[in-house]
Amino acid sequence: MTTRSFNDGWTVGPKTSIYAALQGAAQAHETVTLPHDALFALERSAEQGEGAHTGYFPSAAFEYAKTFDVPGEYRGKRVTLEFQGAYRDAVVFVNDVFAAQRPNGYSTFFVPLDPYLKYGEPNTVRVEVRAHQDSRWYTGAGLYRDTRLIVTELVHITPNGVRITTPDVDGERAVVEVATSLHNESLETKTVTIRTELRDPDGIPVASDAAPVTLRSGETAAVRQRLYVKESQLWDTEIPALYMAHTSVDDVAAVVDETRTTFGIRTLRLDPVHGLRLNGRSVKLRGACIHHDNGLLGAAAIGRAEERRVRILKDAGFNAVRSAHNPISQAMLDACDRHGMLVMDETFDVWTVSKSTNDYSLAFPEWWERDVEAMVAKDFNHPSVIMYSIGNENPETGNGLAAQWGRKMAEKIRELDPTRYVTNGINGFVAAINEVAELMQQNASAAAAAEDQGVNGAMNMGDFMNQVSASPQVTEKTAEAFSVLDVAGMNYGDARYALDKELFPNRIIVGTETFPSHINVNWRLVEEHSHVLGDFTWTGWDYLGEAGAGRITYLDGDGGIPSFQAGFPWLTAWTGDIDITGHRRPISYYRETVFGLRHKPYIAVQRPETFGKPSFAGQWSWSDTVSGWSWDAANGTRTSVEVYSDADEVELVLNGRLLGRQPAGPEHGFKAMFEVDVEPGELLAVAYVKGEEQARTALQSATGPLRLDAEAERSMISADDSDLAYIPVALRDAEGNLAHTADRSISVTIDGPGVLQAVGSGRPDQLERFDTATHSTFDGRALVIVRPTGPGPISVSVSAGGVEPSTVELRAESPELYDVDATTLRPLGIDSTVNTPVLLGEGV
């Protein structure tokens, strides 16, 4: 088997009809390297698309094309093209003949090319995609995930044909079962030998087996091998040990096919007393819901971008992600395996009831089963995947007959993969949507409070949603939908946690989606109740679309509540712990403190210009604060300071003067609050436990000339289509203090074998594009992303008015491929002889 990246040499342009093309209306196409998001290059405007839902991007249709040579020796082989994601309603043509279609934009699918190929000459693959009123968030449009070309002999392992389980593990040994699906497309009966060798995380062979198999012409057979690994190293969130299985198909004289499969040895157990046990250890899920876009890259799922998100989320204290609301990319699954990040992979946002005019509900009844099969096949060998979610806030869950779709999906998943658990993000408020109006009338006082009380009113509205979810009506309406699940997923339903322990003693719960500002209360519930597995906040990472859902709105005195949607030019939801550049916002450090992972105080300062203004905070909001003390405000300007700490008390000191001492810790919401006058210098927070100093943190005002602090996260990168160089940029003084109110435009130039993939900031309401060479900083920060085009040195120069420029030196190395025999992180690549991603040589 030869598998290679098929990402380079594509062209893309607007899709035009054949009649428009005849009249000369066809537009020029540009050359691109996949993964690529064509929609992200279009202009936003207040009149475009679905408005705030999609970040004010327009609807559009695109055509991708690639011409490639097919050698004559391919006549006796099988040639298949793999698409790991094409958004959306993809239609594939080979040499202008229809070859395949896939409505779902997130599913992996395979297109056999053999019937359409012209051997010994160039061939063209053309793919049409579109995005048009089909989502509640920004989806992008295009071939935004990897593509691969797979060439096999006539007797070959089927795509995703090696499935590995570890059904019996103890301290002495682990049983590893390897099931290999083999297909004979030749015209004669064939007898071959399947050989499997297992290698440990250090690349040392630890077990092997050989089994003969005879296949008739056209037959597919499963070959099952049971191997034993002594003193196995277990995959865990802390030490994610990865093994590799090398599977070969041996004919009498040669190896006719082979593949390498990375897997982990681990056990899962589930019960209401111990909750979720990983390798016998109870684990609470510190979860983040994440969307699929990559911020400055749009929806493009470039391997390094996916890996970086997982690494930053893990460093911020999360140990689990929920892919909301679609199957996660293969590149991110690989990263989760390597970093020890648990995964809840999700099927669909919609079933039969639409949420947007042209969404997947139109295709769901016909396509759901194939899309579920694709998700499970993609996930099967990834130890990070522990749970499948079959939906999100589907109104069908409140109707017994309609909820049968959930039963069908749950049983289908169990048929395909009985080793993992099934959940569903059920929102009781949505399940009882037809009864909500009546309930709101019965609770008119709560609704009125939400109308009039600003921030507190928003919290009351969130409490009202929770009240509805815990009502007897919802208990009855959702009973059947919950009964088909292994784990009851609850969106904004934490009021049910204690209630359901009494009503449904066998029910195990996970908070599949929760308000970020409720984490201190929710996490206490998670810790106090063994049947509650964890909490998944909305969201761990900010995302494009649903613009302004988490913003603070400063009111103009009319007393009204702003809408869920923000006006143009808002771009991102502004709900994430981490912004779209990967910078951790204050709530991230608050959450880390609540989780018990941080014991050093964290200082967050409200922007002085907003102090005292009437404001409205939605359910997904956090305070409008910055961790900095370089304010462009007159001395004596009043502002508020939040200090996040698990200590008993916190002292706040300004330039050596004690400003006060306030209680903190769990009994006070892990937060000490102060009102202070702005004064340049040092703002110091000191945390105390039982009267003794625990830790301290200081913020220092930036003074004197500023400099551009630009440093690559990795200076050595791989010269392939999966790698990127990330260069965070910050405005700092000579001592390294952040000048967060000195924003200005930066310019970037590249010299060497690389291109500027993006430059931008985490500002949620910006007009600037990310695909130009200039961009303004936000709160003193920006991010530069460089994509290599070949091996060699790359020089990146960053400049801005009034500061000294900065130069960053990178080096792109040619990929040197070798077996997956180590767990240390290396750049991603594709082996030319196998069908799985492998890890490249050092250079991180």
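The structure is a predicted model, in which local features need pLDDT of at least 70, side-chain atom pairs count only at pLDDT 80 or more, and totals for chains, interfaces and linings use all residues. Residues are numbered from 1 along each chain as its sequence is written, and side-chain values use heavy atoms, with hydrogens and water left out.

Helices (H or I, at least four residues) and strands (E, at least two) are DSSP runs, numbered from the N terminus. Four strands form an open sheet with antiparallel pairing, in the order β1-β10-β5-β8; two strands pair if DSSP finds at least two bridges between them. Strands β1 (2-5) and β8 (109-112) stand at the edges with a single partner strand each, so one side of each is left without a neighbour in the sheet. From one strand to the next, the twist averages 20°, where axes are lines fitted to C-alpha atoms and angles run from 0 to 180 degrees between N-to-C directions. Strand β5 (residues 78-83) and strand β10 (residues 147-152) run antiparallel and are joined by six bridges. Thr-152 in β10 is the bridge partner of Arg-78.

Rolling a probe the size of a water molecule over the atoms shows where empty space is left. On a 1 Å grid over the protein atoms alone, a cavity is a set of points where a 1.4 Å probe fits but cannot get out, and a pocket is an open set with protein on both sides within 12 Å along at least five of seven lines; lining residues have an atom within 4 Å of a point. Grid points are joined across faces, edges and corners, and a volume is the space filled by probe spheres set on the points.

The whole structure holds eight cavities of 30 Å³ or more. The volume of the second largest cavity is about 200 Å³. This cavity is lined by 20 residues, of which Tyr-106, Asp-134, Asp-349, Val-350 and Tyr-360 are the closest to its centre. Its lining comprises six nonpolar, eight polar and six charged residues (Ala, Val, Leu, Ile, Met, Phe, Trp, Tyr, Cys and Pro count as nonpolar, Asp, Glu, Lys and Arg as charged, and the others, Gly among them, as polar).

The second largest pocket contains about 1200 Å³ of space. Its lining has 50 residues, with Thr-33, Pro-35, Ile-302, Gln-757 and Arg-787 nearest the centre. Elements that each supply at least two residues of this lining include β10, α3 (330-339) and β45 (781-788).

In helix α12 (residues 519-528), the buried residues are Ile-519, Asn-522, Trp-523, Leu-525 and Val-526; buried means under 20% relative accessible area, exposed over 50%, and partly exposed in between (1.4 Å probe, protein chains only). Seen down the axis of α12, these residues fall within an arc of 155°, so they line one face of the helix. The arc is that of the directions from the helix axis to the C-beta atoms. Exposed residues Glu-527 and Glu-528 lie on the face turned away from the buried side of α12.

Most residues other than glycine have a negative phi, and most peptide bonds are trans. A cis peptide bond with omega of about -5° joins Ala-324 and His-325, and His-325 is found in the loop between β22 (320-323) and α3. Gln-133 has a positive phi, near 50°, and is partly exposed at 26% relative accessibility. Asp-779 also has phi near 50°, but Asp-779 is buried, with a relative accessible area of 14%.
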